[in-house]
Amino acid sequence: MTPHPAIDDVLAELADEFDLLGDWESRIEYVIELGKGLAALPDEDRIEANKVPGCAAQVWLAVRRRDDRMIFLADSDSALSKGNIALLLRLYSDRRPAEILAFDARAALDRLGLPSALTRQRANGLNAMVGRIRDAAAAAQK
């Protein structure tokens with residue numbers, strides 16, 4: 001089995017990809033493209049309990065456990081929100097709870113320049129998605 005890349009390495013890959021794109025319009029288009037690659041969310045996960053509050057669009061985030069790792073499944077009815085959650089899943093899915101909690105998501109998103117490229121409402125939604133992931137990791141450690 002190939003070793004899972006460290007979360008900082010995944011962030012570095014994303015930062016390199018974003019740097020190649022240059023302007024914000026291209027970066028937002030790329031985020032939307034990431035969303036198009038997101039696996040379909042099973043219907044049984046499209047429930048109120050999995051909705052992420054504070055998002056402009058409807059965003060669902062389901063959590064699975066595989067051994068000591070957390071697997072996240074997600075979807076949204078908005079192309080941009082779907083892209084944002086796809087980017088977060090690339091960083092966070094298939095990680096141990098402690099690794100998720102030790103990662104500075106705000107610094108990572110700032111490094112990618114995402115919050116400044118989004119409207120305030122979309123940036124708040126992105127923060128809400130990160131919060132839901134971190135809450136799930138914290139609960140898994142108990």
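At what angle do helix H1 and helix H2 pack, and how far apart are their axes? In this predicted model, where local features need pLDDT of at least 70, side-chain atom pairs count only at pLDDT 80 or more, and totals for chains, interfaces and linings use all residues, helix H1 (residues 7-21) and helix H2 (residues 24-36) pack at about 135 degrees with axes 8 Å apart. Residues are numbered from 1 along each chain as its sequence is written, and side-chain values use heavy atoms, without hydrogens and water. Helices are DSSP runs (H or I, at least four residues) numbered from the N terminus; axes are lines fitted to C-alpha atoms over the stretch in contact, with angles from 0 to 180 degrees between N-to-C directions.

On the H1 side, Glu17, Phe18, Asp19 and Leu21 meet Ser26, Arg27, Tyr30 and Val31 of H2, contact meaning heavy atoms within 4.5 Å. This contact has 4 nonpolar, 1 polar and 3 charged residues; Ala, Val, Leu, Ile, Met, Phe, Trp, Tyr, Cys and Pro count as nonpolar, Asp, Glu, Lys and Arg as charged, and the others, Gly among them, as polar.

Cys55, Ala56, Ser81, Asn84, Arg122, Gly125, Leu126 and Met129 line the largest cavity. H7 gives the largest share of this lining, 4 residues.

Key. On a 1 Å grid over the protein atoms alone, a cavity is a set of points where a 1.4 Å probe fits but cannot get out, and a pocket is an open set with protein on both sides within 12 Å along at least five of seven lines; lining residues have an atom within 4 Å of a point. Helices (H or I, at least four residues) and strands (E, at least two) are DSSP runs, numbered from the N terminus.
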